[in-house]
Amino acid sequence: MLKIMFGSKSHLTVRDNHLFMEDVDCAALAEQFGTPLYVTSESRLRENIRAYHNAFPDADKYFAVKANGSMTVLKIAAEEGMGADVFSGGELFLARLAGMAREKILYNGNSKSEAEHRMAIEAGVRMSVDSREELDYLSKTASEAGGEAQILFRVNPDVSPKTHPKIATGLKTSKFGIPAAQVAETYRKAIDLPGVRPVGLHCHIGSQILDTSPFAEAASKMMDIASDVVAAGGKIQTIDLGGGLGIQYHPDTPAPKPADLAAAILPIFRDRCQDLGISPKLVLEPGRSIIADTTLMLTSINAVKRAHVNFVAVDAGFNVLARPMLYDSYHHVVVANRAALPPEETYTVVGPICETGDILAKERKLPLMQRGDVLAMLDAGAYGFSMASQYNGQPRPAEVLVSGKGVEVMRRSEDYSALLAGQRIPPRLL
Ligand code: LLP
């Protein structure tokens, strides 16, 4: 058995020229289920979660449901002891259904409707309040509902995470959070407001962060704010430092592990808590670093075209995997049915969508490509299916779970009837 995958992708191997996930042949999966197809390794998922538990034994870890909202994934995360970071009523619905404990769910969001506030109050989950204005809306809604919402405050710590600008969330200019200088005063105000009980602080500085120093900077700023809150008479039970740890998408770009993150932030968190005489629960909200590398997306070649460059046109486009189009992101490509062959030519992999930007992979050195070959786009588990759409009349693909030799369907592929879901034609047009 030959391990070809870079980094620590031990769940992916090449056997007899085929790419395997655990003990399952990916080319055979493409034949059995058709493509495009998302394929997830259960053992890798559990391993990733356990790496967080080992690195942060005392912290709660909330899985960021936005990264992957498949019920099977959420159930496994719940079974492994994770809670959930939810960003909408829909994600709250999924997390509750998956069995996540209500005390381990945080409802985040910078734009929650009154109905969503009510839903969170009824579900008894904590909310992260994004502005002074939201504090007032929520206090009113909770008082009317006769409930009490436990709240954290989303802090804008003004930290540059050195990542793609579209996924940097803790910059001063970003739409998220309360400016650091306003937090203590807002906390103080909340103590006296009806319907709300302030219990902590929250931040999230961005995603796909490959250097631990911005996390340390954010932790330190959060502790400065905690100190102001304590001085203003606030009690802090929870400090949530968000998600954001990056993964190794590219063979030459290694990523820190949960243990590296722990080494960067735990000493700051512990020392500063001790100085302040407080012992809040630390919370983290990882999404990508839990689920991205568990999953690959299989897509078949419909056409090989030699034009001004060599194009490989596959059956998945940005409708299936939006990240390359949105963030110019790199996903490593492996030819699943000829995985041991050496690279011979340079290809650009494009999808079937009627837009020039529908490019999955630019200028990759691959073996000679043929119609019918199956490409695996690696590290597609985070913000992959969860960002998929039906654009261009494309039903969404299936998702399967691999465990050892076993394969189970997590989500069947949509057929054309899904394109009609929810549609009504006014009777006068029938
Ligand atoms: N907590 C909050 C409040 C968040 O906004 C996010 C992600 C997370 C946790 C999880 O972050 P992670 O550990 O996954 O980095 N679609 C983009 C990523 C958007 C991230 C949005 N927030 C992408 O495909 O790169």
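Me: Where does D379 sit?
Reply: D379 is in the loop that runs between β19 (374-377) and β20 (398-403). Keep in mind that this is a predicted model.

Me: OK, and is D379 buried or exposed?
Reply: Buried, because its relative accessibility is 2% and the cut-off for buried is under 20%.

Me: Which side chain does D379 make a polar contact with?
Reply: With that of K9; the two side chains are joined by a polar contact of 3.0 Å.

Me: What else is D379 in contact with, leaving aside neighbours within four places in sequence?
Reply: Besides K9, D379 is in contact with F6, I247, Q248, Y249, A292, D293, T295 and H331.

Me: Switching to the ligand. How many residues surround it, and which are the closest?
Reply: There are 18 residues around the ligand, and the closest are S207, E285, R288, R323 and Y383.

Me: What are the distances from the ligand's oxygen atoms to R323 and Y383?
Reply: An N or O atom in the R323 side chain is 2.6 Å from a ligand oxygen. For Y383, a polar side-chain atom lies 2.6 Å from an oxygen atom of the ligand.

Me: And how much of the ligand does the protein bury?
Reply: The protein buries 94% of the 590 Å² that the ligand exposes when taken alone.

Me: What about R288, which part of it lies 2.8 Å from a ligand oxygen?
Reply: That's the backbone: one of the N or O atoms there lies 2.8 Å from an oxygen atom of the ligand.

Me: Last topic, the surface. Which residues make the nonpolar patch?
Reply: F93, L97 and M119 make a nonpolar surface patch of about 290 Å². L97 lies in helix α4, which covers residues 89-97.

Note on methods: Residues numbered from 1 in each chain as written. Predicted model: local features only at pLDDT ≥ 70, side-chain atom pairs only at ≥ 80, totals over all residues. Heavy atoms only, no water. Helix = DSSP H or I, 4+ residues; strand = E, 2+ residues; numbered from the N terminus. Buried < 20%, exposed > 50% of the residue type's maximum accessible area, 1.4 Å probe, protein only. Polar contact = N/O pair within 3.5 Å; in protein donor to acceptor, adjacent residues only side chain to side chain. Contact = heavy atoms within 4.5 Å. Patch = residues over 30% accessible without salt bridge, like charges linked within 9 Å, V, L, I, M, F, W, Y side chains within 5 Å. Areas by Shrake-Rupley, 256 points an atom, 1.4 Å probe, with all protein chains shown as cover. Salt bridge = Lys/Arg side-chain N within 4 Å of Asp/Glu carboxyl O. Near = heavy atom within 4 Å.
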